[in-house]
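Got a fold on your screen and wondering where all those labels come from? Let's go through them one by one.

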Amino acid sequence: MTVEFKTNGSELTVIPEGRIDTNTAPVLEQLMAQQVSGINSILFDLEKINYISSAGLRVLLYYAQQMEEIDGTIKAINVSDEIRKIFDMTGFLDILNVDD
């Protein structure tokens with residue numbers, strides 16, 4: 001997995017590529033921790049993600065909770081049908097603002 005970050009003021013766009021699983025989720029979490037200072041909006045562009053495990057969902061949940069604590073926002077865009085099904089089965093469609 002690779003991750004690209006783009007910052008625009010207090011908005012952070014996270015663009016991961018590949019799989020977010022038990023091996024890569026800790027890397028994503030560590031990289032994000034270095035990027036979120038002063039951020040009140042996180043946009044996950046998931047166009048290049050082909051799989052997300054429960055470990056990856058935990059990272060998304062953690063940052064959803066962080067944004068909720070500061071009245072920030074979190075959103076997922078470019079979500080494939082496969083990832084959307086995972087979000088639906090796990091209740092993440094109710095946690096994340098998922099762009100249609």
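**Labels and where they come from**

The chain's accessible surface is about 5600 Å², and 43% of that belongs to carbon and sulfur atoms; such areas come from the Shrake-Rupley method with a 1.4 Å probe, and for residues only the protein chains shown count as cover. This is a predicted model, where local features need pLDDT of at least 70, side-chain atom pairs count only at pLDDT 80 or more, and totals for chains, interfaces and linings use all residues. Residues are numbered from 1 along each chain as its sequence is written, and side-chain values use heavy atoms, with hydrogens and water left out.

Q: What makes a helix or a strand here, and how many does the chain have?
A: They are DSSP runs, numbered from the N terminus: helices are H or I with at least four residues, strands are E with at least two. By that count the chain has four helices and six strands, in the order β-β-α-β-β-α-β-α-α-β from the N terminus on.

Q: Why is Asp71 called exposed?
A: Exposed means over 50% relative accessible area, buried means under 20%, and partly exposed is in between (1.4 Å probe, protein chains only). Asp71 has 73%, so Asp71 counts as exposed. You'll find Asp71 in the loop between α2 and β5.

Q: Why does Asn78 count as partly exposed?
A: Asn78 comes in at 38% relative accessibility, so partly exposed is the label. Asn78 sits in the loop between β5 and α3.

Q: What makes a nonpolar core, and which residues touch the most other members of the largest one?
A: A core is a set of buried Ala, Val, Leu, Ile, Met, Phe, Trp, Tyr and Cys residues joined through side-chain atoms within 4.5 Å. The largest one has 28 residues, and Ile42, Phe44, Leu46, Ile74, Ile83, Phe87 and Leu96 touch the most other members. Its largest share, seven residues, comes from α2.
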